[in-house]
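Subject: Handover of a structure and notes on its features

Dear colleague,

Please find below the sequence and the structure that I am handing over to you. I would be grateful if you could read the notes that follow with the structure open.

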Amino acid sequence: MKLELDGGGSLAWQEDALRVRLEVRRKDDGRGLYKAFVSGREGELPLGTLLPEQGALTLRRTLSLDALRRQGCWPITGGRCALAFSFQEPPKPSALWSLRRDCAGLLADPILQASARGWGGFLWRPEGEGFALAAPLEHHRPFPLPPLFCLGRVEEIQGRTHVIWRFDREGNPLLPA
């Protein structure tokens with residue numbers, strides 16, 4: 001069976017005894033990362049992130065019929081592809097955060113200053129007597145501020161994963177709360 005997905009692409013599936021093999025294909029438009037979802041009469045199930053393969057974006061999954069039924073997705077009635085992360089749109093800081101291109105002068109330690117200069121900008125916000133810095137955590141980039149690896153906490157800011165550090169007013173790192 002095959003159907004067109006909302007948001008572009010197609011979903012093909014084949015029932016095999018107690019399992020269903022699913023394949024999602026979508027044109028690679030270069031805009032970013034896409035996630036695929038399958039739906040039934042009573043629910044929707046995320047399938048995962050499409051990966052580049054032979055000039056297209058593809059995702060293959062094999063799921064049990066029972067798992068699809070429990071999620072309200074059997075029989076399959078539709079699906080969608082959604083842009084999960086844009087390569088073209090810069091992240092928009094929330095109202096509490098502001099984008100600061102040069103944060104090196106805020107930091108007390110020369111090693112941290114050098115690390116910050118190489119990063120290209122952080123989200124900044126006042127916090128208590130000091131401030132906080134946040135940087136996106138991305139698998140294709142080095143870890144931001146490596147000397148502070150153990151002091152960061154991971155949080156989402158506007159749907160993107162960031163590492164956040166706290167500093168006192170002099171720019172010295174603080175231990176996580």
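The model is predicted, so local features need pLDDT of at least 70 and side-chain atom pairs count only at pLDDT 80 or more, while totals for chains, interfaces and linings use all residues. Residues are numbered from 1 along each chain as its sequence is written, and side-chain values use heavy atoms, with hydrogens and water left out.

Overall form

The protein has 2 helices and 13 strands; these are DSSP runs numbered from the N terminus, helices being H or I with at least four residues and strands E with at least two. Its radius of gyration is 22 Å, whereas a compact globule of 177 residues would have a value near 16 Å (taken over C-alpha atoms; the globule rule is 2.2 Å times the number of residues to the power 0.38). Along the principal axes, the C-alpha atoms fill a box of roughly 65 × 35 × 25 Å. Of the 177 residues, 38% count as buried (under 20% relative accessible area, with exposed over 50% and partly exposed in between; 1.4 Å probe, protein chains only).

An open sheet is formed by 3 strands in the order β5-β4-β8, with antiparallel pairing (two strands pair if DSSP finds at least two bridges between them). Strands β5 (44–49) and β8 (76–86) are at the edges with a single partner strand each, so one side of each has no neighbour in the sheet. Strand β4 (residues 32–40) is joined to β5 by 5 bridges, and A36 has G48 in β5 as its bridge partner.

Two residues

T58 belongs to strand β7 (residues 56–64) and is buried, at a relative accessible area of 5%. Its contacts (heavy atoms within 4.5 Å) include R25, L50 and E53, leaving aside residues up to four places away in sequence. The side chains of T58 and R25 also make a polar contact at 3.0 Å (a pair of N or O atoms within 3.5 Å; within protein, one must be able to donate a hydrogen and the other to accept it, and residues adjacent in sequence count only if both atoms are side-chain atoms).

Q14, in strand β2 (residues 10–16), is partly exposed at 45% relative accessibility. The side chain of Q14 makes a polar contact of 2.7 Å with that of R21. Between Q14 and M1, 13 residues apart in sequence, the C-alpha to C-alpha distance is 6.5 Å.

With kind regards
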